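Hi everyone, thanks for coming.

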Amino acid sequence: MAIVMSDNKEKSVIIKILSLYLITTAIFLIVLFGLYYDRGYNIIIHEKTNDLREDYGVLVRLIDKTGSFDEKVLRDLQILGLSSRLMIFDKKGDVLYNGIKDTLAQESFHQKNGIYVQKGYIMMNSSSLKHHKHHKKPFYPSLSPSFKYKIILKGASIVSDIWWLRVKTTGFLLLCLSGVGFIAYFLLKVSLKPLKERIEFLNHFIKDTTHEINTPISVILMSIQRLEKEEFSSNNFTKINRIDIAAKTLGSIYQNLMFYSFPENKNRRNLIDVKEVLEQRLEFFAPLIGQKNLQIQATLASAFISANKEGIGCILDNLLSNAIKYNKKDGNIIIMLNKGSLSIQDSGCGIETNQIHRIFKRYTRYNTSQGGFGIGLALVQELCQYYSIRIKCESEIGLGSVFRLEW
């Protein structure tokens with residue numbers, strides 16, 4: 001049987017390996033770029049927070065100058081343009097002034113160092129600003145013990161900065177994945193090339209060998225047919241008959257190899273009469289049938305199907321061969337052919353019910369004592385699927401099996 005690695009199968013293998021590789025790599029890169037994004041986000045926050053240093057210092061100095069937050073301080077803040085970016089609480093947490101126009105509570109400062117983002121803007125709790133890890137030297141005036149206010153400052157919008165950071169992070173991630181995918185694809189192609197060349201070499205060898213097998217088989221069968229068998233003694237006739245049976249067995253194996261080695265053969269379709277093909281195959285297997293003294297009960301009606309004649313012949317050969325091979329001596333084979341259906345029943349050893357589903361798997365043999373490669377029924381199922389034929393097997397140990405085909 002040919003070992004086939006078509007372009008589609010090669011692509012399927014590459015896609016599966018690449019998918020697994022890229023998924024695992026993507027997980028690693030997502031974690032890595034997640035850390036990169038988090039670091040970039042924190043840097044943006046810290047940079048925008050630093051822009052509030054001067055405003056914070058001015059605000060604290062104005063309040064300390066008067067000793068309290070009053071109308072004069074507010075007018076000064078309005079002149080400086082700070083009033084719309086300011087919110088002041090007393091030590092009890094009551095709002096004294098809200099220029100930000102948002103309802104905020106001190107408890108909302110849950111982010112690191114009192115800094116958080118709301119609606120795309122930096123919000124900073126000044127009471128915890130002095131703990132900011134990026135401020136190694138204090139940039140704010142020392143608060144007097146009598147300073148009784150808590151301040152929220154609103155900084156610049158960071159929407160565009162965060163958007164650009166996301167675009168940049170996503171771009172780098174996709175670029176890395178594309179680069180890794182391209183390199184992996186190239187390495188896979190290089191790695192698979194020697195394997196593909198070896199498979200192609202084996203395919204050519206098998207196909208050439210299959211062709212070579214056909215010639216001696218044909219010569220043997222033609223020579224046997226031309227023999228004047230009545231001139232042989234009973235002993236020699238038996239020997240010639242055995243040669244005929246062996247040659248026809250090889251011919252059946254050759255047909256299976258042909259369809260495995262040259263799958264394109266099944267593509268040629270014509271409207272064929274199954275009855276005609278079945279009668280030819282029964283005549284072909286006559287020596288094997290006679291060797292086991294089997295009784296054939298055939299009810300055959302014309303039944304047409306659009307398929308390849310050799311393909312239908314291969315299906316019938318395998319089913320008839322099994323019905324003969326696994327039958328008992330002096331047994332029966334019942335064949336019923338009607339329009340759109342065919343059944344082949346034997347009186348052989350039968351198959352265990354829980355093993356029936358396995359018989360169509362390649363290299364599976366349900367009776368090891370009878371030889372064979374275990375590819376016949378697998379090929380039958382493959383051809384039936386190709387020609388839209390439904391196949392079913394029913395069997396009982398000791399009573400035999402029946403294969404039904406419907407199209």
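Let me start with a question: does Glu-406 count as buried, partly exposed or exposed? At 38% relative accessibility, Glu-406 counts as partly exposed. Before I go on, please keep in mind that this is a predicted model.

So what does Glu-406 do with its side chain? It meets the side chain of Arg-390 in a salt bridge, at 3.6 Å from N to O. Glu-406 sits in strand 12, residues 400-406, and Arg-390 in strand 11, residues 390-396, so this pair ties together parts that are 16 residues apart in sequence. Arg-390 counts as exposed, because its relative accessibility is 52% and the cut-off for exposed is over 50%.

Glu-394 is in strand 11 and Arg-404 in strand 12, so here the parts tied together are ten residues apart in sequence. Both ends are partly exposed: Glu-394 has 32% relative accessibility, and Arg-404 has 33%. There's also a network of salt bridges here, linking Lys-392, Glu-394 and Arg-404.

How many salt bridges turn up in a search of the whole structure? Five. One of them joins the side chains of Asp-76 and Lys-72, at 3.5 Å from N to O. Those two both lie in helix 3, residues 71-80, and they're four residues apart, about one turn of the helix. Asp-76 is partly exposed at 23%, and Lys-72 is partly exposed at 43%.

Now, away from the charges. On the surface you'll find a nonpolar patch made of Phe-182, Ile-183, Phe-186, Leu-187 and Val-190, with about 540 Å² of accessible area together. Val-190 is in helix 4, and it's partly exposed, with a relative accessible area of 44%.

Last stop: the second largest pocket. It holds about 320 Å³ of space. Its lining has 17 residues, and nearest the centre are Gly-251, Gln-255, Arg-281, Phe-284 and Asp-317. Helix 4 (159-226), helix 5 (234-261), helix 6 (274-284) and helix 8 (309-325) are the elements that give two or more residues to that lining. Which one gives the most? That's helix 8, with five residues. By class, the lining comes out as six nonpolar, seven polar and four charged residues.

Terms used. Residues are numbered from 1 along each chain as its sequence is written. This is a predicted model: local features need pLDDT of at least 70, side-chain atom pairs count only at pLDDT 80 or more; totals for chains, interfaces and linings use all residues. Side-chain values use heavy atoms; hydrogens and water are left out. On a 1 Å grid over the protein atoms alone, a cavity is a set of points where a 1.4 Å probe fits but cannot get out, and a pocket is an open set with protein on both sides within 12 Å along at least five of seven lines; lining residues have an atom within 4 Å of a point. Grid points are joined across faces, edges and corners, and a volume is the space filled by probe spheres set on the points. Ala, Val, Leu, Ile, Met, Phe, Trp, Tyr, Cys and Pro count as nonpolar, Asp, Glu, Lys and Arg as charged, and the others, Gly among them, as polar. Patches are made of residues with over 30% relative accessible area and no salt bridge: like charges are joined within 9 Å, nonpolar side chains (Val, Leu, Ile, Met, Phe, Trp, Tyr) within 5 Å. Accessible areas come from the Shrake-Rupley method with a 1.4 Å probe; for residues, only the protein chains shown count as cover. A salt bridge is a side-chain nitrogen of Lys or Arg within 4 Å of a carboxyl oxygen of Asp or Glu. Buried means under 20% relative accessible area, exposed over 50%, partly exposed in between (1.4 Å probe, protein chains only).
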